[in-house]
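Reader: Hey, got this one open on my screen and I'd like to talk through its pockets and its core. Can you walk me through it?

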Amino acid sequence: MQNIPVDVGRLGTLMVVVPPEPRVVPDTGEICKDRDGNQIYVTGVSVRQAGSRRADVIEVATPGEPTGLAEGVRVHVADLVAVSWEIDGRKGTSFRASGIAAAAPVAAPASSARSRTAAGGDPRES
């Protein structure tokens, strides 16, 4: 397996499309744990680069249950790593991170009425 650090700053908008769920062992139903004994949770995150209409969904595994994440919430992902794997002739890439958290809300642009009021004009005059 090869671990490849991912520059999250170049990914663009990251948004939850599938809220965190515990990763389970298919045969036993047990929740998977990392080497330190932390339960592993998987969150479906859409990735859309600025200026592009195309979005991809990646599943990001994190130790411990992320809180405050719901569908549609923009997120920051810490220490994202792509892990290439090969098992029984199948190949793929999985993603893991040290943490995932809700991003600070984006400030809405000031409305034109608010701008006129701030400039000393009366918004009722429009």
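Predicted model: local features only at pLDDT ≥ 70, side-chain atom pairs only at ≥ 80, totals over all residues.

Reader: What volume does the largest pocket have?

Author: About 740 Å³.

Reader: How does the lining of the largest pocket split by class?

Author: You get 9 nonpolar residues, 7 charged ones and 4 polar ones.

Reader: Ok, next one. How much space lies in the second largest pocket?

Author: About 160 Å³. The second largest pocket has 11 lining residues, and the closest to its centre are G12, T13, L14, V75 and H76.

Reader: Which elements give two or more residues there?

Author: β2 and β5 do, for the lining of the second largest pocket. By class, that lining divides into 6 nonpolar, 4 polar and 1 charged.

Reader: Switching to the inside. How many residues are in the largest nonpolar core?

Author: There are 14, and L14, V45, V60, V75, V77 and L80 have the most contacts inside that core. The elements giving two or more residues to this core are β2 (13–22), β3 (40–48), β4 (56–63) and β5 (75–78).

Reader: V75 keeps coming up. What is V75 in contact with, leaving aside neighbours within four places in sequence?

Author: Quite a list: V75 contacts L14, M15 and V16, then V45 and L69, and also the run I100, A101, A102 and A103. V75 and L14 turn up together elsewhere too: both are among the residues closest to the centre of the second largest pocket, and both are among those with the most contacts inside the largest nonpolar core.

Reader: Why does G64 count as partly exposed?

Author: Because its relative accessibility is 25%, and partly exposed covers anything between the 20% cut-off for buried and the 50% one for exposed.

Reader: What does G64 touch, not counting residues up to four places away in sequence?

Author: G64 touches N38, Q39 and Y41. As for G37, 27 residues from G64 along the chain, the C-alpha atoms of the two are separated by 9.5 Å.

Conventions
Residues numbered from 1 in each chain as written. Heavy atoms only, no water. Core = buried A, V, L, I, M, F, W, Y, C linked by side-chain atoms within 4.5 Å. Buried < 20%, exposed > 50% of the residue type's maximum accessible area, 1.4 Å probe, protein only. Helix = DSSP H or I, 4+ residues; strand = E, 2+ residues; numbered from the N terminus. Contact = heavy atoms within 4.5 Å. 1 Å grid on protein atoms, 1.4 Å probe; cavity = no way out; pocket = protein on both sides within 12 Å on 5 of 7 lines; lining within 4 Å. Points joined across faces, edges and corners; volume = space filled by probe spheres on them. Nonpolar A, V, L, I, M, F, W, Y, C, P; charged D, E, K, R; others polar.
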